[in-house]
Amino acid sequence: MIQVNGLTKDYGARRAIDDLTFDAEQGEIVGFLGPNGAGKTTTMRILTGYMPPTDGTATVAGYDIVEESLEVRKRVGYLPETVPLYTDMTALSYLKFMADLRKIPESEQRAYETLERVNLADRANSYIGNFSKGMRQRMGLAQALIHRPEVLILDEPTIGLDPAQVVEMRNVIKEIGKDRTVLLSTHILSEAQQICDRVLIINKGKIVAEDTPENLQSRLVGSQRVVLRVRGETDELAAKVSKVKGTRDVEAKSDGSVEFEFSAGQDVRPQVAKAVIQAGFDLLEMRPIGLSLEEIFLELTRENVTGKKAA
Amino acid sequence: MRNIWTIAKREYDHYFISPIAYVVAFMILLTLGIYFTVIVGATAQQAFSGAPAPDIAPLNWLFVFLLVFTTPAITMRSLSDEARTGTLELLLTAPIRDFELVLGKWLGGLLFILSILAITLIFPIILNGIVLGSVTILPPLVSPGIDRQLMFSSYLGVILAAASFLALGVGISAIFTNQIAAFFATFALFFILWFMMSLFTNLIQGSGAEVFNYLNMSAHFTDAFNTGSVKLTDVIYFFSLIALGLFTGTTAVEVRRWR
């Protein structure tokens, strides 16, 4: 549905996206993950026909984004980051205008149906200017859905919503994504984890990782880090722990705990526990430090990846 | 075509919820109304001394004169505000071409000005009266009625001038994101085209003066259409301005895409 090949965009001397290549299948929800300024919005703007790329090609729904821009735009629904609404129009008249722009017959009927879909039918004749942030976001989504597009591109769809609205928006996106291609950007990792079939991590205009959220996590968590807390001298403990086969990166922390790491699949925790007890320490705590997606993300997008885990 | 109409219709509807449009309409109609009363009164007093019958030309001149000041306010936000609020992104990712967007914006504004102009038709109607066959609904003020040819050419001139002002205004609005900047840039251009050109013509001698004289909008309206003459050169002049404005607007929108 979406095929991107070597896409590059320069703003003057600054390269916003650099040689991006990825694709998205029909019925797939692909998450675009990255810090602010990573090039997410630029990529989305290029794919929706808002701006041309400096280099590279992309096709959306089988049409070239530069050569057949109008065909692409007919098939794409786009929710920009700043929701584009005419605040002095009513919800219904706004959607009717969008439906007319897309040459939908019986535009008013369609506008009303779309309002029902985003649960705003009861506010059809209210002015958008009086809408809350969550309602505006839903209006933006309605606008993107009005022509029942094959491809949906959503730029930070849950930003600025309260927790209940976030859950609601995610459910709507999941529902839509069942039979359409959805490309959404976010910088909330748990969100990508919850709704995306596949995640692309982008930083400084480059894709740094691409996989399912589960694989991404397990691939990057090649080793397990454990925190150990005892009553007693930590330096001494650290020395003991490092003698146990399979432990590495043993570190005595200033808070009286010791951290160590072992490779996934070689669980040395029982041996460590035994060694600690045998050395006469009182074992208070032994707890794995889960490397969350947040940490993976930070690690992948850090400027200088030193190879050391961000603990 | 349908896209242009969709944009134009929204733009036109939008004027009726914008206070600026009402202020402009009120100002134009009030000024014209007062002026009409004064002219008719003065003509009536001078009628015994053989003064010519009142016609529509001075009113239409005033209309265009007021457009110099008011059109910038009408067009200033047309595209600049879309860029500021982000709705331009909506329009530029909708399946419409850039020139359709600009043309629609222009047409919407033109229809608004034409609506105001339609109201001013009340003045020739009052002068001519309404006589249906043998029934006189409104007795004519001027007998046997005002100069028809002058009336048509004058109104044609107003329409062309308004269309040019709006095209240039929409074009300039596409360049700016700030509507105040768009207002003053547009106003400066209109001021130069309407008032300053004759000054340049007087300052410079020879063929340079002719160039400035051709650019003088006042010469193409006040001394042409508004005297009852419809000449091809004047029509071409206004059409060139319209084309220039719409071209500028379309180019500015395209440039925005590349930035």
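**One residue, then the wider picture**

Mentor: Let's start in helix H9 (residues 234–243) of chain A, where Thr234(A) is found. Keep in mind that this is a predicted model.

Trainee: Why does Thr234(A) count as buried?
Mentor: The cut-off for buried is 20 or more other C-beta atoms within 10 Å. Thr234(A) has 20 C-beta neighbours inside 10 Å, so Thr234(A) counts as buried.

Trainee: Which residues does Thr234(A) touch, not counting residues up to four places away in sequence?
Mentor: Thr234(A) touches Ala252(A), Gly256(A), Ser257(A) and Val258(A). Take Ser257(A): 23 residues separate it from Thr234(A) in sequence, and the C-alpha to C-alpha distance is 6.5 Å.

Trainee: What domains does the assignment give for chain A?
Mentor: Domain 1 (2–218) and domain 2 (222–290). Their centres, taken over C-alpha atoms, are 47 Å apart.

Trainee: How many residues does each chain bring to the contact between chain A and chain B?
Mentor: Chain A gives 19 residues and chain B gives 16. On the side of chain A, helix H2 (69–75) and helix H3 (91–101) each supply at least two residues. By class, that side has 10 nonpolar, 3 polar and 6 charged residues.

Trainee: What is the predictor's confidence in the chains?
Mentor: Mean pLDDT is 84 for chain A, with 90% of its residues at 70 or more. For chain B the mean is 89, and 97% reach 70 or more. The model scores ipTM 0.87 and pTM 0.83.

Trainee: Where in chain A does pLDDT stay under 50?
Mentor: Over residues 304–311. Where pLDDT is low, the predicted coordinates should not be read in detail.

Technical notes:
Residues numbered from 1 in each chain as written. Chains lettered and ligands numbered in written order. Predicted model: local features only at pLDDT ≥ 70, side-chain atom pairs only at ≥ 80, totals over all residues. pLDDT = per-residue confidence, 0-100. Contact = placed C-beta atoms within 7 Å. Helix = DSSP H or I, 4+ residues; strand = E, 2+ residues; numbered from the N terminus. Nonpolar A, V, L, I, M, F, W, Y, C, P; charged D, E, K, R; others polar. Domains from an automatic or database assignment. Buried ≥ 20, exposed ≤ 12 C-beta atoms within 10 Å, placed from the backbone.
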